Amino acid sequence: MTHDQTPELIETLAAGVAHEVRNPLNSVQINLSILEQELLESLPDRDAHVFKVLRKIAAEIKRLDDFVSEFLRFARPPRLNLEWLPVRPLVTDLTAFIVPECSKKGVALDIDLRGPESASLDGFQLKQAILNLVLNALQATPAGGHVVVRTAGDKSRLVVAVVDDGEGMSPETREKAFTPFFTTREGGTGLGLPLVRRIAEQHGGSVEVSSTPGKGTTVTMVFPAPAGS
Ligand SMILES: Nc1ncnc2c1ncn2[C@@H]1O[C@H](COP(=O)(O)OP(=O)(O)OP(=O)(O)O)[C@@H](O)[C@H]1O
Ligand SMILES: [Mg+2]
(Lines give C-alpha, C1' and ligand atoms only; values in the text may rest on other atoms or scores of the structure.)
(Ligands and ions follow the chains in the order given, each with its own letter.)
Protein backbone atom coordinates (compact mmCIF):
# COMPACT_ATOMS: atom_id res chain seq x y z
CA MET A 1 0.00 0.00 0.00
CA THR A 2 1.36 3.41 -0.91
CA HIS A 3 0.78 6.52 1.17
CA ASP A 4 -1.61 7.79 -1.55
CA GLN A 5 -3.91 4.83 -1.07
CA THR A 6 -4.39 5.49 2.65
CA PRO A 7 -7.46 7.77 2.32
CA GLU A 8 -9.24 5.16 0.16
CA LEU A 9 -8.42 2.44 2.66
CA ILE A 10 -9.78 4.55 5.51
CA GLU A 11 -12.96 5.20 3.51
CA THR A 12 -13.40 1.49 2.88
CA LEU A 13 -12.92 0.77 6.57
CA ALA A 14 -15.40 3.51 7.44
CA ALA A 15 -17.99 2.03 5.10
CA GLY A 16 -17.39 -1.34 6.79
CA VAL A 17 -17.91 0.20 10.22
CA ALA A 18 -21.11 1.84 9.03
CA HIS A 19 -22.44 -1.45 7.76
CA GLU A 20 -21.29 -3.74 10.55
CA VAL A 21 -22.09 -1.48 13.48
CA ARG A 22 -24.97 0.66 12.33
CA ASN A 23 -27.27 -1.97 10.89
CA PRO A 24 -27.29 -4.21 13.96
CA LEU A 25 -27.64 -1.09 16.14
CA ASN A 26 -30.68 -0.15 14.15
CA SER A 27 -32.16 -3.55 14.65
CA VAL A 28 -31.46 -3.44 18.42
CA GLN A 29 -33.20 -0.06 18.53
CA ILE A 30 -36.29 -1.38 16.72
CA ASN A 31 -36.47 -4.49 18.88
CA LEU A 32 -36.14 -2.38 21.99
CA SER A 33 -39.16 -0.31 21.09
CA ILE A 34 -41.17 -3.46 20.28
CA LEU A 35 -40.22 -4.79 23.72
CA GLU A 36 -41.27 -1.51 25.32
CA GLN A 37 -44.64 -1.55 23.52
CA GLU A 38 -45.34 -5.14 24.54
CA LEU A 39 -44.34 -4.52 28.14
CA LEU A 40 -46.57 -1.48 28.32
CA GLU A 41 -49.57 -3.67 27.56
CA SER A 42 -49.08 -5.75 30.72
CA LEU A 43 -47.36 -3.06 32.82
CA PRO A 44 -48.84 0.39 32.22
CA ASP A 45 -46.64 2.13 34.83
CA ARG A 46 -44.09 3.98 32.67
CA ASP A 47 -41.97 4.70 35.77
CA ALA A 48 -41.49 1.04 36.59
CA HIS A 49 -37.84 0.01 36.99
CA VAL A 50 -37.85 -2.05 33.82
CA PHE A 51 -38.69 1.04 31.72
CA LYS A 52 -35.82 2.94 33.30
CA VAL A 53 -33.52 0.11 32.28
CA LEU A 54 -34.91 0.20 28.74
CA ARG A 55 -34.41 3.97 28.51
CA LYS A 56 -30.83 3.55 29.69
CA ILE A 57 -30.18 0.97 26.99
CA ALA A 58 -31.76 3.28 24.39
CA ALA A 59 -29.52 6.16 25.54
CA GLU A 60 -26.41 4.01 25.22
CA ILE A 61 -27.44 2.89 21.73
CA LYS A 62 -27.90 6.52 20.74
CA ARG A 63 -24.47 7.39 22.11
CA LEU A 64 -22.91 4.62 20.05
CA ASP A 65 -24.83 5.69 16.96
CA ASP A 66 -23.70 9.32 17.45
CA PHE A 67 -20.13 8.11 17.81
CA VAL A 68 -20.32 6.17 14.55
CA SER A 69 -21.76 9.28 12.83
CA GLU A 70 -18.87 11.39 14.14
CA PHE A 71 -16.37 8.75 13.08
CA LEU A 72 -17.82 8.60 9.57
CA ARG A 73 -17.80 12.37 9.29
CA PHE A 74 -14.11 12.23 10.13
CA ALA A 75 -13.20 9.22 8.01
CA ARG A 76 -15.07 10.28 4.89
CA PRO A 77 -14.36 13.96 4.44
CA PRO A 78 -16.29 15.58 1.63
CA ARG A 79 -14.18 16.56 -1.38
CA LEU A 80 -13.05 20.14 -1.32
CA ASN A 81 -15.48 22.28 -3.26
CA LEU A 82 -13.77 25.62 -3.80
CA GLU A 83 -15.84 28.67 -4.67
CA TRP A 84 -15.18 32.36 -4.68
CA LEU A 85 -17.05 33.43 -1.54
CA PRO A 86 -17.64 36.62 0.43
CA VAL A 87 -16.05 35.89 3.81
CA ARG A 88 -17.94 38.23 6.10
CA PRO A 89 -21.56 37.15 5.38
CA LEU A 90 -20.44 33.55 5.79
CA VAL A 91 -19.06 34.22 9.28
CA THR A 92 -22.02 36.45 10.22
CA ASP A 93 -24.55 33.76 9.20
CA LEU A 94 -22.74 31.08 11.11
CA THR A 95 -22.40 33.09 14.31
CA ALA A 96 -26.08 34.15 14.15
CA PHE A 97 -26.90 30.45 14.12
CA ILE A 98 -24.96 29.77 17.30
CA VAL A 99 -25.76 32.94 19.30
CA PRO A 100 -28.80 31.36 21.06
CA GLU A 101 -26.64 28.58 22.48
CA CYS A 102 -24.10 31.12 23.73
CA SER A 103 -26.80 33.32 25.28
CA LYS A 104 -28.25 30.30 27.04
CA LYS A 105 -24.90 29.81 28.75
CA GLY A 106 -24.41 33.54 29.43
CA VAL A 107 -21.39 33.81 27.11
CA ALA A 108 -21.11 36.78 24.73
CA LEU A 109 -20.30 35.93 21.12
CA ASP A 110 -18.79 38.79 19.10
CA ILE A 111 -17.40 39.14 15.62
CA ASP A 112 -14.57 41.32 14.44
CA LEU A 113 -14.35 41.06 10.67
CA ARG A 114 -11.44 42.56 8.78
CA GLY A 115 -9.08 41.38 6.07
CA PRO A 116 -10.02 40.11 2.61
CA GLU A 117 -13.63 40.55 1.53
CA SER A 118 -13.67 37.35 -0.51
CA ALA A 119 -11.64 34.20 -0.89
CA SER A 120 -11.52 30.88 -2.68
CA LEU A 121 -12.98 28.54 -0.06
CA ASP A 122 -15.18 25.57 0.57
CA GLY A 123 -17.92 27.46 2.42
CA PHE A 124 -19.49 24.40 4.00
CA GLN A 125 -16.18 23.16 5.35
CA LEU A 126 -15.07 26.57 6.57
CA LYS A 127 -18.35 26.86 8.49
CA GLN A 128 -17.82 23.38 9.94
CA ALA A 129 -14.37 24.40 11.14
CA ILE A 130 -15.53 27.66 12.71
CA LEU A 131 -18.51 25.92 14.28
CA ASN A 132 -16.24 23.35 15.91
CA LEU A 133 -13.97 26.07 17.23
CA VAL A 134 -16.83 28.18 18.59
CA LEU A 135 -18.36 25.13 20.29
CA ASN A 136 -15.01 24.30 21.87
CA ALA A 137 -14.65 27.90 23.03
CA LEU A 138 -18.17 27.93 24.41
CA GLN A 139 -17.62 24.66 26.25
CA ALA A 140 -14.46 26.05 27.86
CA THR A 141 -15.92 29.43 28.83
CA PRO A 142 -18.02 30.00 31.96
CA ALA A 143 -20.98 32.40 32.19
CA GLY A 144 -19.86 36.02 31.87
CA GLY A 145 -17.08 35.06 29.44
CA HIS A 146 -16.46 36.13 25.86
CA VAL A 147 -15.90 34.40 22.55
CA VAL A 148 -14.80 36.35 19.48
CA VAL A 149 -14.65 35.18 15.87
CA ARG A 150 -12.08 37.33 14.13
CA THR A 151 -11.08 37.52 10.49
CA ALA A 152 -7.98 39.32 9.28
CA GLY A 153 -5.30 39.06 6.62
CA ASP A 154 -4.38 40.67 3.34
CA LYS A 155 -4.23 39.86 -0.36
CA SER A 156 -2.11 36.78 0.25
CA ARG A 157 -3.85 35.16 3.20
CA LEU A 158 -7.08 34.94 5.11
CA VAL A 159 -6.81 34.51 8.87
CA VAL A 160 -9.77 33.21 10.87
CA ALA A 161 -9.33 33.07 14.64
CA VAL A 162 -11.64 32.04 17.47
CA VAL A 163 -10.67 33.65 20.76
CA ASP A 164 -12.06 32.84 24.19
CA ASP A 165 -11.33 33.94 27.74
CA GLY A 166 -12.28 30.58 29.20
CA GLU A 167 -10.39 27.95 31.17
CA GLY A 168 -7.49 27.52 28.73
CA MET A 169 -5.52 24.31 28.21
CA SER A 170 -2.86 22.71 30.34
CA PRO A 171 0.42 22.11 28.45
CA GLU A 172 -0.44 18.36 28.33
CA THR A 173 -3.84 19.04 26.78
CA ARG A 174 -2.33 21.53 24.35
CA GLU A 175 0.17 18.86 23.29
CA LYS A 176 -2.51 16.29 22.52
CA ALA A 177 -5.33 18.57 21.39
CA PHE A 178 -5.07 17.59 17.70
CA THR A 179 -4.73 13.86 18.32
CA PRO A 180 -7.83 12.08 17.00
CA PHE A 181 -10.09 10.87 19.85
CA PHE A 182 -8.23 12.88 22.50
CA THR A 183 -10.77 14.59 24.71
CA THR A 184 -11.00 15.93 28.26
CA ARG A 185 -14.74 16.47 28.02
CA GLU A 186 -17.32 14.00 29.24
CA GLY A 187 -19.25 13.02 26.13
CA GLY A 188 -16.56 14.52 23.86
CA THR A 189 -15.43 12.57 20.82
CA GLY A 190 -12.08 14.28 20.34
CA LEU A 191 -12.52 14.76 16.61
CA GLY A 192 -13.30 18.50 16.53
CA LEU A 193 -9.76 19.87 16.35
CA PRO A 194 -8.43 17.10 14.05
CA LEU A 195 -11.29 17.96 11.69
CA VAL A 196 -10.42 21.67 11.86
CA ARG A 197 -6.81 20.88 11.08
CA ARG A 198 -7.76 18.73 8.12
CA ILE A 199 -10.07 21.39 6.71
CA ALA A 200 -7.34 24.03 7.00
CA GLU A 201 -4.77 21.71 5.41
CA GLN A 202 -7.10 20.68 2.59
CA HIS A 203 -7.22 24.37 1.71
CA GLY A 204 -3.43 24.44 1.77
CA GLY A 205 -3.51 26.28 5.08
CA SER A 206 -2.68 25.58 8.71
CA VAL A 207 -4.02 25.89 12.23
CA GLU A 208 -2.36 26.92 15.47
CA VAL A 209 -3.39 27.03 19.11
CA SER A 210 -2.15 29.37 21.79
CA SER A 211 -3.57 28.91 25.25
CA THR A 212 -2.93 30.03 28.80
CA PRO A 213 -4.53 28.05 31.63
CA GLY A 214 -7.06 30.23 33.44
CA LYS A 215 -6.81 32.99 30.81
CA GLY A 216 -8.15 31.58 27.57
CA THR A 217 -7.44 30.10 24.19
CA THR A 218 -6.97 31.35 20.65
CA VAL A 219 -7.17 29.00 17.69
CA THR A 220 -5.99 30.54 14.44
CA MET A 221 -6.54 29.16 10.96
CA VAL A 222 -4.55 30.61 8.07
CA PHE A 223 -5.71 30.12 4.48
CA PRO A 224 -3.12 31.07 1.89
CA ALA A 225 -3.51 33.20 -1.21
CA PRO A 226 -7.18 34.09 -1.16
CA ALA A 227 -6.26 36.77 -3.72
CA GLY A 228 -9.42 38.66 -2.80
CA SER A 229 -9.53 42.29 -1.86
N1 LIG B 1 -11.16 26.60 23.37
C2 LIG B 1 -10.69 25.63 24.17
N3 LIG B 1 -10.39 25.88 25.46
C4 LIG B 1 -9.91 24.91 26.29
N5 LIG B 1 -9.68 23.64 25.88
C6 LIG B 1 -9.97 23.33 24.61
C7 LIG B 1 -10.48 24.28 23.67
N8 LIG B 1 -10.63 23.67 22.48
C9 LIG B 1 -10.24 22.39 22.64
N10 LIG B 1 -9.86 22.17 23.92
C11 LIG B 1 -9.31 20.91 24.48
O12 LIG B 1 -8.94 20.06 23.40
C13 LIG B 1 -9.65 18.82 23.48
C14 LIG B 1 -9.91 18.30 22.08
O15 LIG B 1 -10.84 19.16 21.40
P16 LIG B 1 -11.72 18.56 20.23
O17 LIG B 1 -12.60 19.64 19.70
O18 LIG B 1 -10.84 17.85 19.27
O19 LIG B 1 -12.58 17.44 20.95
P20 LIG B 1 -13.79 17.61 21.98
O21 LIG B 1 -14.30 19.02 21.97
O22 LIG B 1 -13.34 17.08 23.29
O23 LIG B 1 -14.87 16.63 21.36
P24 LIG B 1 -15.71 16.87 20.00
O25 LIG B 1 -15.32 15.75 19.10
O26 LIG B 1 -17.12 16.82 20.45
O27 LIG B 1 -15.31 18.19 19.42
C28 LIG B 1 -10.90 19.14 24.29
O29 LIG B 1 -11.41 17.98 24.94
C30 LIG B 1 -10.36 20.16 25.29
O31 LIG B 1 -9.65 19.54 26.33
MG1 LIG C 1 -14.76 19.95 20.11
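Trainee: Where is Thr173 found?
Mentor: Happy to start there, and keep in mind that this is a predicted model. Thr173 belongs to the helix that covers residues 171–176. That element is helix α5.

Trainee: Which residues is Thr173 in contact with, leaving aside its neighbours within four places in sequence?
Mentor: Good idea to set those neighbours aside. Contact here asks for heavy atoms within 4.5 Å. With the sequence neighbours left out, the partners of Thr173 are Phe182 and Thr184.

Trainee: Let's move to Ser211. Where is its place?
Mentor: Ser211 lies in the strand made of residues 206–212. That strand is β6.

Trainee: Why does Ser211 count as partly exposed?
Mentor: Buried means under 20% and exposed means over 50%, with partly exposed in between. Ser211 is partly exposed because its relative accessible area is 22%.

Trainee: What separates the C-alpha atoms of Ser211 and Ser170?
Mentor: Along the chain, Ser211 and Ser170 are 41 residues apart.

Trainee: Which side chain does the side chain of Ser211 join in a polar contact?
Mentor: Start from the contacts beyond four places in sequence: for Ser211 they are Gly168, Met169, Gly216 and Thr217. With Gly216, the Ser211 side chain reaches the backbone oxygen at 3.4 Å. The contact between two side chains, at 2.8 Å, is with Thr217.

Trainee: Now the ligand. How many residues surround ligand 1?
Mentor: The closest ones are Asn136, Asp164, Thr183, Thr184 and Leu193. Helices α4 (123–140) and α6 (192–202) each supply at least two residues of the shell. The number of residues around ligand 1 is 20.

Trainee: Which residue has a polar side-chain atom 2.8 Å from an oxygen atom of ligand 1?
Mentor: Let's set the backbone approaches aside. Thr189 has a backbone N or O atom 3.2 Å from a ligand 1 oxygen, and Leu191 has one at 3.0 Å. The residue with the polar side-chain atom at 2.8 Å is Asn136.

Trainee: How much of the area that ligand 1 exposes when taken alone does the protein bury?
Mentor: Ligand 1 sits in the largest pocket. Taken alone, ligand 1 exposes 600 Å². Of that area, the protein buries 92%.

Notes:
Residues are numbered from 1 along each chain as its sequence is written. Chains are lettered from A and ligands numbered from 1 in the order in which they are written. This is a predicted model: local features need pLDDT of at least 70, side-chain atom pairs count only at pLDDT 80 or more; totals for chains, interfaces and linings use all residues. Side-chain values use heavy atoms; hydrogens and water are left out. Helices (H or I, at least four residues) and strands (E, at least two) are DSSP runs, numbered from the N terminus. Buried means under 20% relative accessible area, exposed over 50%, partly exposed in between (1.4 Å probe, protein chains only). A polar contact is a pair of N or O atoms within 3.5 Å; within protein, one must be able to donate a hydrogen and the other to accept it, and residues adjacent in sequence count only if both atoms are side-chain atoms. A residue is near a molecule or strand if one of its heavy atoms lies within 4 Å of it. Accessible areas come from the Shrake-Rupley method with a 1.4 Å probe; for residues, only the protein chains shown count as cover. On a 1 Å grid over the protein atoms alone, a cavity is a set of points where a 1.4 Å probe fits but cannot get out, and a pocket is an open set with protein on both sides within 12 Å along at least five of seven lines; lining residues have an atom within 4 Å of a point. A molecule sits in a cavity or pocket if more than half of its atoms lie within 2 Å of its grid points.
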